[in-house]
Amino acid sequence: MNIKADKTLDCLGFFCPEPVFKTRMQLDEMEIGETLEITADDPAAKSDIENLAKNLGQEVLESIQEGDVIRIILKKVK
């Protein structure tokens, strides 16, 4: 899939808990229905951000690991 996100969040070079914290702050500012693309290189970011989305009731549209870079697209559903 090649989804074009409404907003992007660059978390490259940040390590836990920064990617999760920044993702949460960005989601709080978004409208329902908007999408957010997060890029990170922290090995824990993929599971941490997916768990954050699940706990907040948001939807993970895409989650791809390309080398050391993780690309996750979330949709704010509530």
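**View 1. Proline 17 sits in the loop between strand 1 (7-11) and helix 1.** The thing to look at here is the peptide bond from cysteine 16 to proline 17, which is cis, with omega near 10°. Keep in mind that this is a predicted model, so the cis bond is a feature of a prediction. Helix 1 itself covers residues 18-29.

View 2. Relative accessibility is 0% here, so threonine 23 counts as buried. Its side chain reaches the backbone oxygen of proline 19 at 2.7 Å. What does threonine 23 touch, once residues up to four places away in sequence are set aside? The partners are Leu9, Leu36, Ile38, Ile49, Leu52 and Leu74.

**View 3. Glutamate 34 belongs to the loop between helix 1 and strand 2 (35-40).** The side chain of glutamate 34 gets to the backbone nitrogen of glutamate 31 at 2.8 Å. Not counting residues up to four places away in sequence, glutamate 34 touches Asp6, Lys7, Leu74, Lys75 and Lys76. Leu74 also turns up among the residues that threonine 23 touches. For a sense of scale, take glutamate 34 and glycine 67: they are 33 residues apart in sequence, and their C-alpha atoms are 27 Å apart in space.

**View 4. Arginine 71 is a charged residue of strand 4 (residues 69-75).** Is arginine 71 buried or exposed? It counts as buried, because its relative accessibility is 13% and the cut-off for buried is under 20%. The side chain of arginine 71 makes a polar contact with the side chain of glutamate 62, at 2.3 Å. Leaving out residues up to four places away in sequence, arginine 71 touches Asn2, Ile3, Glu37, Ile38, Thr39, Glu62, Ser63 and Ile64. Ile38 is also one of the residues touched by threonine 23.

**View 5. Glutamine 65 is part of strand 3 (residues 59-66).** With a relative accessibility of 44%, glutamine 65 counts as partly exposed. A polar atom of its side chain lies 3.0 Å from the backbone oxygen of glycine 67. Beyond its neighbours within four places in sequence, glutamine 65 is in contact with Lys46 and Ile70. Glutamine 65 and lysine 46 are 19 residues apart along the chain, with 8.4 Å between their C-alpha atoms.

**View 6. Zooming out, the protein has 2 helices and 4 strands.** Reading from the N terminus, the elements go β-α-β-α-β-β. The radius of gyration is 11 Å, which agrees with the value near 12 Å that a compact globule of 78 residues would have. Along the principal axes, the C-alpha atoms fill a box of roughly 30 × 25 × 20 Å. Of the 78 residues, 36% count as buried, and threonine 23 and arginine 71 are both buried. If you take contacts between residues at least 6 apart in sequence, 68% of them join residues at least 24 apart. The accessible surface comes to about 4,600 Å², and carbon and sulfur atoms account for 50% of that. As for charge, there are 10 positive and 16 negative charges, and their mean positions are 6 Å apart.

Key
Residues numbered from 1 in each chain as written. Predicted model: local features only at pLDDT ≥ 70, side-chain atom pairs only at ≥ 80, totals over all residues. Heavy atoms only, no water. Rg over C-alpha atoms; globule rule 2.2 N^0.38 Å. Buried < 20%, exposed > 50% of the residue type's maximum accessible area, 1.4 Å probe, protein only. Contact = heavy atoms within 4.5 Å. Areas by Shrake-Rupley, 256 points an atom, 1.4 Å probe, with all protein chains shown as cover. Charge placed at Lys NZ, Arg CZ, Asp CG, Glu CD. Polar contact = N/O pair within 3.5 Å; in protein donor to acceptor, adjacent residues only side chain to side chain.
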